[in-house]
Structure formats: structure tokens, C-alpha cells
Amino acid sequence: MPDSIDFHRLWLAVAQVPHHRDPYSAHGPDHWRRVERNGCILAAKTGAKIHVVRLFALFHDSRRENEGWDPGHGKRGADFADTFRDRFFDLPDEDYELFRQACIWHTEGVHHEDPTIGTCWDADRLDLGRVGMIPSARFMSTVFGKEIADHGVIHPWLHLAEPYLADTD
Ligand SMILES: [Fe+2]
Ligand SMILES: [Fe+2]
């Protein structure tokens, strides 16, 4: 059941990926954590499925092979999650498909009307400041994502993530 996902245990396992030993690389675990935080903030208003968003944050860049143009890394991340499903977490097929689509298309996709997939992508793009890019409302799928991008920083909404992130480090 989604409510039983042990995210702490899952993070420990996934973060062992060899090419992400540097937690502060542009697409490494430090970025994943901020995407998770952003996604939890967004989900408070977008109605996104929170477990899907948190799994996206963890896996979407988990199988990158470099820090530059890396085609197919989203699909590799989704496929990597397959190896953990049932052993580390369970998710209904319908929700797992949302997760897979969010991962596979997170680079090439621009907007998505599904609130969960849109929230995943907005959460990722709201962290573009780490690579010197200013998040733009034009590339946000959700109304709340646009509001945050227009504001410039996400900090006024940080409290919205607290209920979801009690089990993080
Ligand atoms: Fe990515
Ligand atoms: Fe990312």
C-alpha cells in the first residue's frame, strides 16, 4: 500500500548508485531532495499524488551517466525503479504508470495536464537555480508552479512540505 512506503530505506538503497557518490553534483541526491521538497510543497495545492511525486524525485535523475546532455536517462531511472518495486515499495498500476511517464518524459516534455505529472516536472524545474537558470512560469504546468516561479523563490511556502517530510534525514 502507498501509505507503507519506507522512503528512508528506499533513499539509502538508491543513493548507492555509483555515479552519484557526489551528493552535491548538479543532478545528484542533493538535487533529488530539493525536487522532493518542491514536489511536496506543490502537491499541497495541486492535488498531485504525493507518493508518485516523491518517487519521481528519487528516481528521475538516478540513472544519469553524466551531468550534461544525457538522452534516455529518465527512462533508465524509471526502469531502475522497477527493480525496487514490490521489494521496497508497492504502488497501484495506475499510479506507477503516472510515475513512469513523469520520469520518461521529464526532459523532452514541456507541459502536462495531469496534475501529478505536472507537479513532478514543476518540482524539477523549480530547482534550475542550481545550474544558473531562472525558473520560468512559461515552463510550469501547474498554476501553483507558475505562482512560485513568478515570485522568484520558494521559501515562503516551505512549511507546506513539513507534513510529508518527517521521515527524511
Ligand atoms: Fe533529468
Ligand atoms: Fe532533475
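Residues are numbered from 1 along each chain as its sequence is written, while chains are lettered from A and ligands numbered from 1 in the order in which they are written. In this predicted model local features need pLDDT of at least 70, side-chain atom pairs count only at pLDDT 80 or more, and totals for chains, interfaces and linings use all residues, with side-chain values taken from heavy atoms and with hydrogens and water left out.

**Iron sites**

Donors are N, O and S atoms within 2.8 Å of the metal (3.2 Å for Na, K and Ca); water is not among the atoms, so sites may look incomplete. The protein donors are set out below.

| Ion | Protein donors | Distance |
|---|---|---|
| iron ion (ligand 1) | Asp-61 (OD), His-73 (NE2), His-106 (NE2) | 2.1 to 2.2 Å |
| iron ion (ligand 2) | His-31 (NE2), His-60 (NE2), Asp-61 (OD), Asp-124 (OD) | 2.2 to 2.3 Å |

The donor residues of the iron ion (ligand 1) follow the sequence spacing D-x11-H-x32-H. Of these, His-73 is in helix α4 (residues 73-82) and His-106 in the loop between α5 (93-104) and α6 (115-125), so that this pair, 33 residues apart, links distant parts of the chain. Helices here are DSSP runs (H or I, at least four residues), numbered from the N terminus. Both His-73 and His-106 are buried, that is, under 20% relative accessible area, where exposed means over 50% (1.4 Å probe, protein chains only).

Around the iron ion (ligand 2), the 4 donor atoms subtend angles of 84 to 176°, which makes the arrangement irregular.

Asp-61 bridges the two ions, the iron ion (ligand 2) and the iron ion (ligand 1), which lie 3.9 Å apart. Because Asp-61 lies in the loop between α3 and α4 and Asp-124 in helix α6, the pair ties together parts that are 63 residues apart in sequence. Asp-61 and Asp-124 are buried.

A nonpolar core is a set of buried Ala, Val, Leu, Ile, Met, Phe, Trp, Tyr and Cys residues joined through side-chain atoms within 4.5 Å. The largest one has 48 residues, of which Leu-10, Leu-55, Phe-59, Phe-89 and Phe-99 touch the most other members. Its largest share, 8 residues, comes from α3. Leaving aside residues up to four places away in sequence, Phe-99 touches Val-52, Leu-55, Phe-56, Phe-59, Ala-78 and Ala-81, contact meaning heavy atoms within 4.5 Å.

Helices α4 and α5 pack at an angle of about 150°, their axes 7 Å apart. That makes α4 roughly antiparallel to α5, a term for angles over 145 degrees. The residues in contact include Gly-74, Lys-75 and Ala-78 of α4, and Tyr-96, Phe-99 and Arg-100 of α5.

**Two loop residues**

Asp-86 is found in the loop between α4 and α5, and counts as exposed at 62% relative accessibility. Although not a glycine, Asp-86 has a positive phi of about 80°. Most residues other than glycine have a negative phi.

Tyr-24 is placed in the loop between α1 and α2 and is exposed, with a relative accessible area of 64%. Tyr-24 and Asp-127 are 103 residues apart in sequence and 13 Å apart in space, C-alpha to C-alpha.

Notes
Four donors count as tetrahedral if all angles lie between 85 and 135 degrees; four count as square planar and six as octahedral if opposite donors are over 155 degrees apart and all others between 65 and 115; anything else is irregular. Axes are lines fitted to C-alpha atoms, for helices over the stretch in contact, and angles run from 0 to 180 degrees between N-to-C directions. Angles under 35 degrees count as roughly parallel, over 145 as roughly antiparallel, 65 to 115 as roughly perpendicular and the rest as oblique.
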